[in-house]
Amino acid sequence: MAFGLGLLNGLKYTATRVFKTYVGDFKHLGRRYDDKLFKERQSVKGSGIFTVQYPEEKLPVPENFRVVPFLVYEPALDENGKPLIDPATGKEMIGKQKCTACGICSKVCPPQCIWIVRALTPEGKPKPQPAEFYIDIDICMNCGSCAEFCPFDSIKMDHVYELANYERHVSHIYDIGVLSKPASYHAKIHPTDWAAEEAERAAKEAKKK
Amino acid sequence: MSVTAPVAPPNTPNYNDPQIVAEQIKTKYPDAVESSSAQGIVVQSDQLREVARYLHDELAFDYLNNVTSVDWQDRFEVVYNLTSLERGGAPITLKVNAARENPSVPSLVPVFRGADFQEREVYDLMGIRFEGHPNLRRILLWDGFEGYPLRKDYKEPYYEEEKKPFGSRWDKGHHVIAEDRNPWHDNVQYPSNFDAVAYKPPRDQIQVIDAAQAAAMRLRTDKIVLNFGPQHPSTHGVLRLRVTLEGETVRGVEPIVGYLHRNHDKIGERNTFVGNMPYTDRLDYFTSMANNLAYALTVEKLLGIKPPERAEYIRVIMAELTRWQNHAVALGFIYNDLGAFYTPLIYAMEERELILDLFEATAGSRMMCNYMRFGGVARDVTDDFIAKCKYLVNERLPRRTDELEAYMVGNEIFHSRAKNIGVLPRDLAINYSTAGPVLRASGVKYDIRRAEPYSIYDRFDFEIPTGTTGDLYDRFIVRVAEMRESLKILKQALDQFPAGEIMTGKKNYQVRVPKGEAYGRGENPKGELGFYVVSDGTANPYRYHVRGPSFINLTALNDMCVGYKIADMIVILGSLDIVMGEVDR
């Protein structure tokens, strides 16, 4: 083969690529950030421009996605069985923490970033509830072991990944207030897991009866 | 040209059995063997080099997989793993004892040049001297470092307890900020009488050209010692190359590593077995799935369990997807180093992103997968995963591989830059313990997936691509060919993909591993990733050592670069495909 033909052949592919990106642009005409086209572009069958224009465009996170754990609580209910809303924060009020302070998450945590103080009864006996619960998110490696090994489904991995901050000593130590999120939030971000947990719980209760 | 294994004579003893090898050694060196068992052969320290040379020359143990050491508190033990590339099979273990005070053993560099960096690492971290080593200096830590961190009595900054989990975390775990937990309130310890301000690094480290080399210099020029890196983008991370130059010609390269050192081994020993899994992601962060697999295989060897069928298939699928994306990006990086800035690399990134999407949807994270478990995998794959994976494997990735080959391998400028550059001859490649595509490009038909099949690789039909000359071009096309072979394996695995369980036994957060030791390995995209694990029967490993293929491949860099131009050196380094997370550990 004559010198240079392989090179030209290679340029054919780059030229095709350039052309394809403009095809995408014409599809986009007038709509700079379009959800439908974005999804198409990012799928396994997508072609043309592949770049995500973050933060205008964001890739959807899959259900299994994991950053920094949170604690699941059952909300306090009113007489109609609806969760009570705390007027100050707009969050559902904490009825009962699912966490029993058994300490498995803090034992399995590879970088040891979970700190738990177990609650005591007035007589000074340990109570299955956390009095304090800290996660040092500077140390947390987002491995998800705590959520995986929790026997009570009370610690789960969050989907919030934009964690940048101006200060690291107070705001990067998540205490029980920051960590606690209602069960409805867990159900929203982990629909499949939630359904499986509910099914398991229903089966257990049916067995008890 | 591929090298085929010679047919063994019918009554050749089985040299994969350490007992038989020990008997063979005894016939030649009657006093050399202290004891032998299935775990390995303990050799007298003063006869180690003779025994190693005998094994190398006469029993064809031509490949030194791994050198490491164990601190048994009353003595040190240096552990060597040797394989015969022709025979294949599991490596045999050779051990030497060293005294607790001033430990020293003979160096094996005269026999296996691949021992060079590994012995320096053992000296650096464990403080065992290797007599006869040509350049015994610290390698991962700096010269002014005090102590030997892998010894059991060493306590690092931020030391809390011997083993995790730490008692302070539960059930009275009042949080303390990490800086306040450091008992020295400082990250650095200096030797006694050390003046950090007056410290000057020893000057004799700089390579000096000897008289013969100086006479051979054709240019009337001064020798220049150039420090290349550690922040230069072409060094693939924080690697420093001390290059001796004559004009533009390279006369010597010395890689200086350790900028990313965190003592993975020591962290591993403090950790539990389960807790080590996410740390293996951070070795070679391009191939976390394959790292997970090699570690899981090693611990499963000790536990004596096997994952269920479905989990085995998932593991193979993940490992092969990893290989494809790693090679695609590695080829892009080689082009980057050649001066074709970012176009091929970004093209390769596109498919890589799609593969990482699959990892993210299954394991939860794109790069730090933490996916394999002892006896299975963490989560089952969904039907959506299989559908997407099938489309990728059957349609998109083969198409992309063809495209990539057309615009990268066909390019004449690439031919002139890559052919006969950075040649690593076959015998040198073996002697330097290089692994993976670098070894195969030099014409050695050796792949652990075939030589010692792990997981279910023995069920798949695939070839081992090899090169002929061991130049840069070969290392490139071997990777392209391996991408095709990966797709072949993936196709078969997806066709046979069974239903069923993904985990053997119950999930346990503190797996107690039976007493014993194991060297497990996997064919990572970069080469042989090995784990040497010693368990004392608890939930924490007594010794945990990683054989990083990138680190050991770097040993051969000097010989590959000498005589070529400095611009070639950068591409040669790129063709080794190193990742600093694994080099520095």
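Colleague: Which residues in α19(B) are buried?
Modeller: In α19(B) those are B:D568, B:M569, B:I570, B:V571, B:I572, B:L573, B:G574, B:S575 and B:L576. Buried means 20 or more other C-beta atoms within 10 Å of the residue's own, exposed means 12 or fewer, partly exposed is in between, and the C-beta atoms are placed from the backbone. Bear in mind this is a predicted model, where local features need pLDDT of at least 70, side-chain atom pairs count only at pLDDT 80 or more, and totals for chains, interfaces and linings use all residues. Residues are numbered from 1 along each chain as its sequence is written, with chains lettered from A and ligands numbered from 1 in the order in which they are written.

Colleague: Why is helix α19 of chain B largely enclosed?
Modeller: Nine of its eleven residues (566-576) are buried, so the rest of the structure largely encloses α19(B). Helices (H or I, at least four residues) and strands (E, at least two) are DSSP runs, numbered from the N terminus.

Colleague: What comes just after α19(B)?
Modeller: B:D577, which takes a positive phi of about 55 degrees.

Colleague: OK, the core. How many residues has the largest nonpolar one?
Modeller: 185, and B:V299, B:I317 and B:L331 have the most contacts inside it. Helix α9 of chain B (residues 309-338) gives the largest share of this core, 17 residues. A nonpolar core here is a set of buried Ala, Val, Leu, Ile, Met, Phe, Trp, Tyr and Cys residues joined through C-beta atoms within 7 Å.

Colleague: And what is B:V299 in contact with, leaving aside neighbours within four places in sequence?
Modeller: B:F273, B:F374, B:V513 and B:V533. Contact means the C-beta atoms, placed from the backbone, lie within 7 Å.

Colleague: How many residues does each chain put into the A and B contact?
Modeller: Chain A gives 41 residues and chain B gives 44. On the chain A side, α1(A) brings the largest share, six residues. That side divides into 23 nonpolar, twelve polar and six charged. Nonpolar covers Ala, Val, Leu, Ile, Met, Phe, Trp, Tyr, Cys and Pro, charged is Asp, Glu, Lys and Arg, and the others, Gly among them, are polar.

Colleague: Switching to strands: in what sense do β1(A) and β5 of chain A pair?
Modeller: Antiparallel, over four bridges, between residues 67-75 and 155-158; A:P69 has A:M157 as its bridge partner. Strands pair if DSSP finds at least two bridges between them.

Colleague: And β1(A) with β7 of chain A, parallel or antiparallel?
Modeller: Parallel, over three bridges, and A:L71 partners A:S180 there.

How values were computed
Two residues are in contact if their C-beta atoms, placed from the backbone, lie within 7 Å.
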